[in-house]
Amino acid sequence: MNVTVGRRTRRYRTVAFEASENAVLLIEQRLLPHQFKVIATRDFRETARAIQDMIVRGAGAIGATAAYGLAQGARVFHGTDIERFSRHVETVYQTLKAARPTAVDPVNAMNEVRRVMSSGETVSKRQTLALAAAERFAGDDVQHCEAIGRHGAPLIRDGMRILTHCNAGWLAFVDVGTATAPLYAAQAQGKKFHVFCDETRPRSQGATLTAWELAQQGISHEVIADNAAGHLMQRGEIDLIIVGSDRTLGRTGEVANKIGTYTKAVLAERHNIPFYVAIPLSTIDWELSSGRDVPIEERDQSEVLGAWGAVRNPKPETRNPKSTSRVYVRVANPASGARNPGFDVTPPELITGIITPEGILKPNELWRNRRRLDCRARG
Ligand code: MRU
């Protein structure tokens with residue numbers, strides 16, 4: 001998407017690869033919205049750390065990062081021994097997979113890269129195929145998001161007030177986003193609407209990332225405290241809800257997404273508000289048969305006990321007077337600990353529809369359409 005910093009507007013992807021330097025290029029999302037910066041990770045362990053530390057986050061974005069990371073790791077192998085190469089690739093795969101457990105996109109993306117690679121007869125052929133497959137995953141991610149926009153835009157009518165949770169925008173994918181794709185498509189059709197961004201504590205992806213994205217695109221929006229959504233629904237101030245997903249179970253239609261999604265879905269049902277989930281095909285898990293089996297990431301207590309923000313140039317010695325520094329402030333009682341599950345699972349009966357690149361389906365229609373969806377996922 002276009003990013004305007006100062007007077008300069010440039011097009012960016014959230015994740016890209018610089019083959020000449022074997023580097024993954026990532027937008028440093030922890031600095032947004034206060035500073036826009038692209039960083040490079042130069043080996044697969046650094047790439048895995050960038051996923052773990054949430055320099056890059058969001059299901060599709062970490063999927064593409066893991067795919068590039070796998071290619072990056074494969075490309076540094078020296079030698080011609082296929083057995084040794086395969087063992088090396090397995091280490092790279094496991095390192096990237098362990099970085100964040102809930103989203104299934106990294107696993108689906110890396111499985112696809114490995115599948116494509118396996119047809120190469122030599123190490124060097126496999127290295128070339130790995131990068132081509134990673135590039136293809138990233139390209140497909142963009143196309144899937146654009147298709148979600150086409151299918152989702154008709155849900156949006158002039159004057160609507162739409163709630164979204166966390167950030168399932170272009171920063172959470174390679175470009176365009178999922179929950180935001182219908183918004184961007186509707187905007188391009190000239191529709192006028194307003195978006196409420198759930199703040200999304202503890203890491204505030206709604207207040208920081210979604211709000212920044214919508215401001216960049218000139219879409220009318222306001223940030224609300226997570227706890228305000230029920231009140232607005234009760235007063236008739238929300239017409240439609242669109243969220244993303246980190247793992248959607250193809251067998252059951254259950255949706256794992258950022259913590260707090262389930263709460264919003266329960267409220268939506270109570271107030272008869274349509275609740276949609278937007279996903280690319282790489283977010284579907286065809287294996288698990290219960291939402292209870294989704295690995296829910298437990299993150300550090302400090303995220304709940306305090307908050308990150310930015311202050312302008314707190315150190316007088318900083319060379320650039322316009323620079324900002326990221327600071328953490330403790331909010332909670334110093335003697336208290338916290339629980340911090342990062343995701344929750346919403347059952348299918350609370351979901352009006354799943355907006356996929358192949359059209360809008362009921363959650364229980366995914367399994368029936370698995371052949372078509374899985375086939376499309378592989379291109
Ligand atoms: O912890 P994050 O920021 O990586 O969480 C992922 C998300 O952004 C959300 O859960 C989102 O709604 C789905 S991912 C596109």
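Domain bounds are taken from an automatic or database domain assignment. A pocket is defined on a 1 Å grid over the protein atoms alone as an open set of points with protein on both sides within 12 Å along at least five of seven lines, whereas a cavity is a set of points where a 1.4 Å probe fits but cannot get out; lining residues have an atom within 4 Å of a point. The structure is a predicted model, in which local features need pLDDT of at least 70 and side-chain atom pairs count only at pLDDT 80 or more, while totals for chains, interfaces and linings use all residues. Residues are numbered from 1 along each chain as its sequence is written, and side-chain values use heavy atoms, with hydrogens and water left out.

The largest pocket holds about 740 Å³ of space, a volume being the space filled by probe spheres set on grid points that are joined across faces, edges and corners. Of its 32 lining residues, Val107, Asn108, Ala109, Asn111 and Glu112 are the closest to the centre. Helix H4 (105–117), helix H5 (123–152), strand S13 (284–285) and helix H11 (370–377) each give two or more residues to this lining; helices (H or I, at least four residues) and strands (E, at least two) are DSSP runs, numbered from the N terminus. The largest share, eight residues, comes from H4. The lining of the largest pocket comprises 16 nonpolar, four polar and 12 charged residues, where Ala, Val, Leu, Ile, Met, Phe, Trp, Tyr, Cys and Pro count as nonpolar, Asp, Glu, Lys and Arg as charged, and the others, Gly among them, as polar. Because domain 1 (2–146) and domain 2 (151–296 + 341–378) both give residues to the lining, the largest pocket lies between them.

The second largest pocket has a volume of about 370 Å³. The closest to its centre, of 24 lining residues, are Arg30, Arg203, Thr208, Trp308 and Arg326. Strand S14 (306–312) is among the elements that give two or more residues to this lining, and S14 gives the most, with five residues.

Two cavities of 30 Å³ or more are counted. The largest cavity has a volume of about 180 Å³, and of the 24 residues that line it, Arg57, Gly58, Ala59, Asn167 and Asp246 are the closest to its centre. Helix H2 (59–75) and strand S11 (255–258) are the elements that give two or more residues to its lining. Both domain 1 and domain 2 contribute lining residues, so the largest cavity lies between them. The second largest cavity contains about 60 Å³ of space.

Strand S11 also takes part in pairing, for which DSSP must find at least two bridges between two strands. Strand S10 (residues 247–249) runs antiparallel to S11 and is joined to it by two bridges, with Thr248 opposite Val255. Four bridges join S11 to the antiparallel strand S16 (residues 343–346), in which Thr346 stands opposite Val255.

An open sheet of three strands, in the order S3-S4-S5, has antiparallel pairing. Strand S3 (15–18) and strand S5 (38–41) stand at the edges with a single partner strand each, so one side of each is left without a neighbour in the sheet. Strand S4 (residues 23–27) pairs with S5 over four bridges, and Leu25 has Ala40 in S5 as its bridge partner.
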